[in-house]
Amino acid sequence: MRTAATGTAPSAPARPAAPAPHAPDARRQELAHFLRSRRERISPEQVGLPSTGRRRTPGLRREEVAQLAAVGVTWYTWLEQGRDIQVSGQVLEAVSRALLLDPNERAHLYALAGAGDPLPTKDCSAVTPAVQLVLEQLSPLPACVLNGRYDVLGYNEMYARMLGGLDRLPFEERNLLWLLFTDPSYQERWVDLEHARRQVVARFRSGLAEHVNDPAWKALLARLRQTSPAFEEAWQRHDVSARDNGSKGFVHPELGALRMDYTNLWLGLRNGTRLVVYTPADDESRAKLDRLDGARGADRR
């Protein structure tokens, strides 16, 4: 074991006094970038507005979003600029409908705006002896423990055989984001590397909304943006996604492609630390996993 919206739109709020022109904090700055990216992806035709010919910039204009959300143009402009203004959940709901946000994007908007009752999550820095035992007992199923920012806190031997061991790496590099964008040997283990990259970046951005001032999250983000142009390109899409269960394709150097379903078992608050268990998605992958387990047993004899 290695450890390591439907409903009635609200009436427009009274025009607020202009907020002080100081620089926005990290959360409001991220909110501004997110709103602009969502606005620019929507055409007037998508929301029932008439087309006015060629536009200098893509997507909707700010005044069009304000019209659709029934809020003041000045107020929405300040919101998108990251100004320090009060935002109610009712108005955020109207903005999310105007921007055609999906449930994950809507939750991300609320988290960035500090509205509702988002519970902050705390990431564990190590796995407990009890969780270590669970990892070991799950073999021959590959399994690992990840925190919210995708640090690999622990894994069993079958996970190491499927994706390559991480003992060769210092702890600060045992991070799935870092490996997906900087480690060629790890990248070779994925059937669809680009899809995996886009998915994990979108999920990382969703988690970051509740950790924008956390030094560990900020440091990882800065390292990735400085090191990997591919990460920077994916980051600028401003996509968000929930950490749901699903399927992944891996490439083993000897056995070939493995199609695996994965299940997240939360060890604390959702979006925090979780145990991820991989199970074969088809008979061919099950047979290959059995061969991998047999090789593990032979190595022990």
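A: First, a term: a cavity is a set of grid points where a 1.4 Å probe fits but cannot get out. This is a predicted model. About 40 Å³ of space lies in the second largest cavity.

Q: Which residues line the second largest cavity?
A: Arg198, Val201, Ala202, Ala234, Arg237 and Asp239. By class, that lining has 3 nonpolar, no polar and 3 charged residues.

Q: Which element gives the most to that lining?
A: H10, with 3 residues.

Q: And how much space lies in the largest cavity?
A: About 150 Å³. Its lining has 15 residues, and the closest to the centre are Tyr150, Leu176, Val200, Arg203 and Lys248.

Q: Which elements give two or more residues there?
A: Helix H8 (176-182), helix H10 (193-208), strand E4 (256-266) and E5. H10 gives the most here, with 4 residues.

Q: What about the classes in the lining of the largest cavity?
A: The lining divides into 10 nonpolar, 2 polar and 3 charged residues.

Q: Switching to confidence. What does the protein average in pLDDT?
A: The average is 85, and 85% of the residues score at least 70. Strand E5 (residues 274-280) has the highest confidence, at a mean of 97, and helix H13 (residues 283-300) the lowest, at 84.

Q: Where does pLDDT stay under 50?
A: Over residues 19-23, where the model has 7 contacts beyond four places in sequence. Residues 117-121 are also below 50, with 10 contacts beyond near neighbours in sequence.

Methods
Residues are numbered from 1 along each chain as its sequence is written. This is a predicted model: local features need pLDDT of at least 70, side-chain atom pairs count only at pLDDT 80 or more; totals for chains, interfaces and linings use all residues. Side-chain values use heavy atoms; hydrogens and water are left out. pLDDT is the predictor's confidence in each residue, from 0 to 100. Contact means heavy atoms within 4.5 Å. On a 1 Å grid over the protein atoms alone, a cavity is a set of points where a 1.4 Å probe fits but cannot get out, and a pocket is an open set with protein on both sides within 12 Å along at least five of seven lines; lining residues have an atom within 4 Å of a point. Grid points are joined across faces, edges and corners, and a volume is the space filled by probe spheres set on the points. Ala, Val, Leu, Ile, Met, Phe, Trp, Tyr, Cys and Pro count as nonpolar, Asp, Glu, Lys and Arg as charged, and the others, Gly among them, as polar.
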